[in-house]
Amino acid sequence: MSPAEREGKDNSENSSGSRNTGLVATAARLAPEPVAPQDGANLSNATTGQAVARAAVTGRAVAAAESGDGATSAAEVGVRQKLSVLVVEDDPNDIELLILALQRAGFDPDSASAQTAEEFLERVRHGHYDIVLADYNLPQWNGMETVETLRREGLDIPVILVSGYLGEQRAVECIKQGAADYVLKDHLLRLPEVVRRALREKQLRDENRRSQEDLARSNRDLEQFAYVASHDLQEPLRMVAAYTQLLGDRYQGKLDENADKYIRYAVDGATRMQTLVRDLLAFSRVGRNGREFKLAESGAIVDLALRNLHAAIEESGARIECGHLPAVVVDASLVVQVFQNLIGNAIKFRGANPLVVHISAEKTSQATVFSIADNGIGIDPEHAELIFAIFKRLHTREEYPGSGIGLAICKKVVEQHGGRIWVESELGHGCTFRIALPNQTAGNSSMAQEK
């Protein structure tokens with residue numbers, strides 16, 4: 001027997017007299033209207049527990065007089081609330097009192113009981129229950145093991161501990177570990193409200209889970225639509241752009257000045273539309289295939305991004321400084337795109353001074369935070385969130401080419417890794433992009449998006 005269980009048992013035994021007294025009082029409060037005793041009824045030889053249960057069932061004692069201290073009668077409630085209850089308890093008298101407490105408060109409980117861990121597991125696997133009422137101390141296990149069992153089975157059923165004695169410190173620990181609440185057996189008048197609160201919290205969790213599932217499904221549908229639309233648009237747009245360009249080449253100078261201008265507008269519009277569709281297709285493809293994240297060296301990821309940007313780096317004369325970068329659990333092919341887009345943006349939006357980009361990382365207990373800092377033209381802080389939206393631009397195409405898709409892809413990749421990305425900047429004083437990726441073990445994180 002563990003020290004905690006021994007302590008609970010000792011405390012329970014030391015307070016047995018007061019507990020029996022409390023149970024008698026509880027039974028008196030919960031008892032229905034008094035009725036005449038059956039002929040031959042004899043309580044003289046009954047044990048204390050049997051006397052408590054019989055007092056609750058037959059209504060002897062003072063139920064009517066005590067009805068004002070918290071219990072709600074069925075008549076006051078009106079329509080009874082159906083409730084499927086699984087009681088983890090080895091004392092039939094205690095089970096009877098629990099059910100009676102719920103009935104007096106307007107519930108219509110459909111109950112089942114379990115005394116062993118095996119019996120409990122069999123019940124939850126083959127039945128549906130709204131609530132579990134579990135005694136903290138049973139001969140071979142305790143109520144908190146029901147919480148662990150439900151967690152392993154993937155079931156969200158509120159567990160309320162019901163105990164003759166449960167210290168405050170232990171009660172807090174039980175709630176931290178997943179119990180919905182606790183009720184002492186000599187204070188069962190609290191039970192109905194505790195049950196109602198647990199059911200309300202369960203309903204909120206269910207609604208939140210459905211909302212998350214609906215949002216995920218909506219996002220998948222939108223990505224599928226974007227993929228299909230952009231993929232199917234490519235061919236007709238290619239034909240429009242090709243033949244418009246051919247028309248311009250063949251008839252330039254042979255028509256009037258307005259005709260040349262109109263053809264030029266058409267070619268430019270078709271070309272830009274091709275670019276937008278191609279970028280939209282690239283955005284919708286990010287993370288579409290299920291991927292298993294693996295341990296990868298951040299330095300190698302950055303090196304690959306720099307090789308892809310070799311021509312732009314040489315042309316701009318940029319200097320890339322890279323400190324020590326730790327290994328992370330990621331989809332390396334996607335994270336390469338993030339560093340490539342951020343370094344490419346630094347090159348595109350460089351200022352008059354020679355460009356310097358510094359890449360560093362800091363590992364905390366929760367995450368690895370990468371910093372990509374440059375001395376470019378910077379961003380007004382009021383646009384710090386706007387720049388991550390798809391197709392959002394802060395400059396005209398004449399000033400800086402591009403469609404505004406790069407940072408949106410960075411944000412999507414980082415969020416698929418469970419992280420976040422943000423920028424710290426002042427206009428004219430460069431930018432520092434930060435990427436926080438949560439620390440995780442290879443194989444524990446996977447990206448399973450539908451194709």
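Buried means under 20% relative accessible area, exposed means over 50%, and partly exposed lies in between, with a 1.4 Å probe and protein chains only. Helices here are DSSP runs of H or I with at least four residues, strands are runs of E with at least two, and both are numbered from the N terminus.

Good morning. This is a predicted model, where local features need pLDDT of at least 70, side-chain atom pairs count only at pLDDT 80 or more, and totals for chains, interfaces and linings use all residues. Residues are numbered from 1 along each chain as its sequence is written, and side-chain values use heavy atoms, with hydrogens and water left out.

Let's start with strands. In a regular strand the side chains alternate between the two faces of the sheet. Look at strand S5, residues 181-184. Asp181 and Val183 make up its covered face. Tyr182 and Leu184 make up the uncovered one.

Who is the neighbour of S5? Two strands pair if DSSP finds at least two bridges between them. Strand S4, residues 159-163, pairs with S5 in the parallel sense, over 4 bridges.

Now strand S1, residues 81-88. How many of its residues are buried? The count is 6 of 8, so S1 is mostly covered. S1 pairs with strand S2, residues 107-114, in the parallel sense over 8 bridges. Serine 84 has aspartate 110 in S2 as its bridge partner.

One more strand residue. Isoleucine 359 is found in strand S10, residues 356-363. Its relative accessible area is 0%, so isoleucine 359 is buried. Cysteine 322 is 37 residues from isoleucine 359 in sequence. In space, the two are 4.7 Å apart, C-alpha to C-alpha.

Next, a helix. Helix H15 covers residues 406-416. It is mostly covered, with 8 of its 11 residues buried. Among them are Leu407, Ile409, Val413 and Val414. Lys412 and Gln416 are on the buried list too. Just after H15, glycine 418 takes a positive phi of about 80°.

On to aromatic rings. A pair of aromatic rings is described by the distance of the centres and the angle of the planes. Rings of Phe, Tyr and Trp (its six-membered ring) pair if their centres lie within 6.5 Å. Planes under 30 degrees apart count as stacked, over 60 as edge-to-face, and the rest as tilted. By this rule the count comes to 3 aromatic pairs.

Take phenylalanine 120 and tryptophan 141. Their centres are 6.0 Å apart, with 55° between the planes, and the pair is tilted. Phenylalanine 120 lies in helix H7, residues 117-126. Tryptophan 141 lies in the loop between strand S3 (131-135) and helix H8 (144-152). So the pair ties together parts that are 21 residues apart in sequence. Phenylalanine 120 and tryptophan 141 are both buried.

Now phenylalanine 339 and phenylalanine 370. The ring centres are 5.6 Å apart and the planes are at 85°, so this pair is edge-to-face. It links distant parts of the chain, 31 residues apart. Phenylalanine 339 sits in helix H14, residues 332-348, and phenylalanine 370 in strand S11, residues 367-374. Both of these phenylalanines are buried.

Last topic: salt bridges. A salt bridge is a side-chain nitrogen of Lys or Arg within 4 Å of a carboxyl oxygen of Asp or Glu. How many does a search of the whole structure find? It finds 17 salt bridges.

Start with lysine 176 and glutamate 173. Their closest N and O atoms are 4.0 Å apart. Both residues lie in helix H9, residues 168-176, and are 3 residues apart, about one turn of the helix. An α-helix has 3.6 residues a turn, so residues three or four places apart point the same way. Is lysine 176 buried or exposed? With a relative accessible area of 63%, lysine 176 is exposed. Glutamate 173, at 37%, counts as partly exposed.

Another salt bridge joins arginine 200 to glutamate 193, with the closest N and O atoms 3.3 Å apart. Arginine 200 is partly exposed, at 43%. So is glutamate 193, at 38%.

Then arginine 319 and glutamate 321, where the closest N and O atoms are 3.1 Å apart. Arginine 319 is partly exposed, at 46%. Glutamate 321 is partly exposed as well, at 30%. Finally, salt bridges that share partners join Asp156, Lys202, Arg205, Asp206 and Arg209 into one network.

That's my tour. Thank you.
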